[in-house]
Amino acid sequence: MADIVFAFDPAIDRPIPTPDAAPPALAAAIAAAPIDALQTAFITARETDAAALVLFGRILDPHRASPAQAALVRAMIVDLAAHGCHTVWVTDEGDDCTTIAQMLGDPRGLLFATPSTPVRLDIRGLPVDIFRAHGGDATLHPAPSPASGGPLEHRVIIGWDRSFWSAERWDDTSNAGSSQSLAAWSQPGCHCVWGSRRSQPLPAGVRHVVPLQPRSLHECTTGGCSLLSLIDIDDDTDRAGGSGRWRTTATHRVAWKTLTVESAAGGDEELATTIWSALESLPTDPQAPLQIIRCSVECGASVGRRVRIAEIAAETLARVRDLFDKKNVRAWCEDLYADPGESLAPLGHARSGGRPGSTTSFSSALADIVLSLEAVASTSQQHSGLAMPVDMAREAGWLALELIESA
């Protein structure tokens with residue numbers, strides 16, 4: 001049982017990029033993943049007898065959606081209404097409501113929640129208001145205390161950020177939105193929901209809702225919809241908003257996985273065998289999510305081996321993909337590369353014994369620079385304008401050394 005199901009950022013009109021050389025069946029599964037994830041959320045709302053399914057984030061843009069996509073969403077909304085469940089579409093602007101309703105043919109059961117106009121529902125005898133939080137919107141007021149013997153009025157305050165919407169780890173998230181706008185509403189009767197594609201610290205009492213379907217390997221989460229039961233009947237379950245019971249149901253159909261293996265020597269055949277040994281445990285269930293695999297090879301701090309990995313990557317991937325086809329595994333090996341996160345410590349002056357005027361001396365000096373940046377990051381100090389994330393510092397260091405080795 002659930003009272004409200006939350007579905008964040010289905011973005012069904014924005015396709016997931018398909019890996020190069022992917023076979024047609026795999027490409028079709030990736031293309032269908034966003035709509036399949038949304039359908040799973042609707043099915044979850046129906047099967048749990050929820051009173052409302054709340055859609056927020058990017059859902060379906062009237063300016064880019066196809067008629068088939070609009071018809072499919074309409075059919076899901078109508079089907080849910082036939083089971084007594086409303087679909088609440090949360091938007092930033094009231095003007096969007098008319099455009100979206102026209103796109104969908106104004107289906108029965110569709111309601112809109114905006115920063116200025118909440119949706120009020122009666123859910124199992126409890127009055128519930130659903131709002132879109134918009135910055136520090138002062139139009140919201142704490143839920144009133146119940147009258148003597150009356151039910152507590154519940155409020156659901158919904159916000160989200162836009163980080164990772166273009167799926168790159170270096171994207172600027174300074175204007176992505178702030179969950180701090182929800183902090184003031186963490187009190188009995190208020191349920192604060194924050195949708196985001198990135199892991200981040202949240203104020204106490206704010207529930208993080210993950211997207212229905214991840215879009216890239218930079219998102220460190222699987223997809224799911226969050227279910228809220230307003231009446232807390234289990235003291236051992238996770239809570240947000242001071243009352244109620246939360247749980248998550250998986251919805252994603254595609255997942256990204258980075259597999260790390262060690263390979264200090266050998267050609268493409270040996271490396272393919274090593275990778276396949278690590279992949280043999282992957283599920284073969286046709287209903288399991290498709291896994292897009294990136295193979296990261298640890299080279300024992302050998303620059304020469306790293307260059308060699310780049311040379312044999314294409315042949316190795318071909319061998320591994322051939323094994324996938326024979327085993328009918330629900331996975332695809334997308335990329336193969338030398339591990340950019342390997343430590344450069346073995347090359348530093350402290351351990352390498354670099355000699356002045358030699359390539360080794362340059363390697364040691366570069367390693368020392370990277371190690372100093374790591375030390376700064378670990379002590380939370382700041383170099384004015386010079387500091388960079390540790391992972392990028394290591395990757396840049398290895399790229400410089402590989403360029404020299406290849407010259």
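**Exercise 1.** How many residues has helix α8, and what span does α8 reach from its first C-alpha to its last?

*Solution.* The model is predicted: local features need pLDDT of at least 70, side-chain atom pairs count only at pLDDT 80 or more, and totals for chains, interfaces and linings use all residues. Residues are numbered from 1 along each chain as its sequence is written, and side-chain values use heavy atoms, without hydrogens and water.

Step 1. Helices (H or I, at least four residues) and strands (E, at least two) are DSSP runs, numbered from the N terminus. Helix α8 (residues 390-406) has 17 residues.

Step 2. The expected span is 1.5 Å times one less than the number of residues. Helix α8 reaches 24 Å, close to the 24 Å expected.

**Exercise 2.** Find the buried side of α8.

*Solution.* Step 1. Buried means under 20% relative accessible area; exposed means over 50%; partly exposed lies in between (1.4 Å probe, protein chains only). Ala393, Arg394, Gly397, Trp398, Leu401 and Glu402 are buried.

Step 2. These residues cover an arc of only 165° around the axis, so they lie on the same side of α8. The arc is taken from the directions from the helix axis to the C-beta atoms.

Step 3. Leu403 and Ser406 are exposed on the other side of α8.

**Exercise 3.** Classify the packing of α1 and α2.

*Solution.* Step 1. The axes of α1 (residues 24-47) and α2 (residues 67-82) come within 10 Å and cross at roughly 10°. Axes are lines fitted to C-alpha atoms over the stretch in contact, with angles from 0 to 180 degrees between N-to-C directions.

Step 2. Helices α1 and α2 are therefore roughly parallel (angles under 35 degrees).

Technical notes
Parallel < 35°, antiparallel > 145°, perpendicular 65-115°, else oblique.
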